[in-house]
Amino acid sequence: METKIAIQGIKGSFHHQVAQEYFQQEHALDECMSFDDLVKSLVNNRSHKGVMALENSIAGSIIPNYALIDRNNLHIIGEHYLDIHMNLMGLKGQKIEDITEVHSHPIALLQCAVFFSQYPHIKLVESGDTAETARRIQEQKLTGIGAVAAPIAAKLYDLEILAAGIHTIQSNKTRFVIVKTTNKEWPKEEINKASIKFELDDTPGSLATVLNVMNNCKLNLTKIQSMPIIETPFQYSFFVDVIFEKYKHYEKAKNILDLMTTHFKVLGEYKNGRL
C-alpha cells in the first residue's frame, strides 16, 4: 500500500516542500487545512505519516503543536530544517504596481512587513495557507491580487514571481517534524536525537537537578519549552530536545529522569536533521 503523507496546507505549501525533500520522492498527500485535521488524518488512518511545523527561527515555537503531539500520543520519527523563502507572486504579466491586495498566512505576512511598508497602496489580507491563495489566483485569473508563498507554489500554479526573498530577516528557517502513530523507525545505533516531556513537583532546584543529570550523561540540550499544566496552576510541563553521540548515554539519562520526575514521556527518538 502506498504511503500517504498528511501536510498542513495544499500542494505548493512549505509543508509540501518539506515532504518532497524529506522523503525524496512524490507521495500521495492528504492536504489538511489545520494542524488539528492533520492529527485526525493520522489517528483515523487516512494517512501514514505527517509533516508538522514546530518552530521558526523568527516567530519562535508553535506551542499548540507540542500539545497536539503529546495529547494524541504521536511519535516524532524525524525532523527537517527548511530555509523559508517568501516570494510575492501574481498572474503572469502583472507588476507590483498593479497589485492592490496581497493574501497569505498571517505569519508569512508578518515576516515580510518591512517589504510591504514600501508599498502603502497594497492591502494585506490574512488567509489560511500560503499556497491556497496562489492556486486561487490562477484558477480564477485574479488580477490585482498577489500571494506570498514559496517558489514551489509559483512553479506549480504558473505564477510570476514579482519580488523574491521579501522576508525581513534573510536567515529564516523553520523546523518541521515527521510524525506518526507508532515509533521504532530507526535502529538504536542510528538514533542521536530525542524529544522528551517531563513534569516536576515544585521542589526548589528540581529543574536544575534534571539539567545536571542530562549534562552528566553527556546529553546536549538543544531546546527547552515550558507549558503550563492547566489542572495545576503555576506548575509546568517541559518539552526538551537533546542530542547525543551514543544511545547508551541517552538511555542512562532516560532511566534516571523517569525516577526523578513526576511524569516522563518520550515523544520521539530519531536522527538529527542538522548534521
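A cavity is a set of grid points where a 1.4 Å probe fits but cannot get out, whereas a pocket is an open set. The exercises below concern a predicted model.

**Exercise 1.** Which element gives the most to the lining of the largest cavity?

*Solution.* Start with the lining residues, among them Leu54, Tyr66, Ile69, Ser195, Ile196, Phe239, Val240 and Asp241. Strand S14 gives the most, with three residues. By class, this lining has eight nonpolar residues, one polar and two charged.

**Exercise 2.** Where does the largest share of the lining of the second largest cavity come from?

*Solution.* The lining includes Ile5, His16, Ala19, Gln20, Phe23 and Leu29. Helix H1 provides the largest share, four residues. The classes are four nonpolar, four polar and one charged.

**Exercise 3.** Which residues lie nearest the centre of the largest pocket?

*Solution.* The pocket has a volume of about 510 Å³ and a lining of 25 residues. Nearest its centre are His15, Ala53, Ile62, His105 and Ile107. Elements giving two or more residues to this lining include helix H1 (14–23), strand S3 (49–56) and helix H4 (106–111). The lining divides into 11 nonpolar, 12 polar and two charged residues.

Note on methods. Residues numbered from 1 in each chain as written. Predicted model: local features only at pLDDT ≥ 70, side-chain atom pairs only at ≥ 80, totals over all residues. Heavy atoms only, no water. 1 Å grid on protein atoms, 1.4 Å probe; cavity = no way out; pocket = protein on both sides within 12 Å on 5 of 7 lines; lining within 4 Å. Points joined across faces, edges and corners; volume = space filled by probe spheres on them. Nonpolar A, V, L, I, M, F, W, Y, C, P; charged D, E, K, R; others polar.
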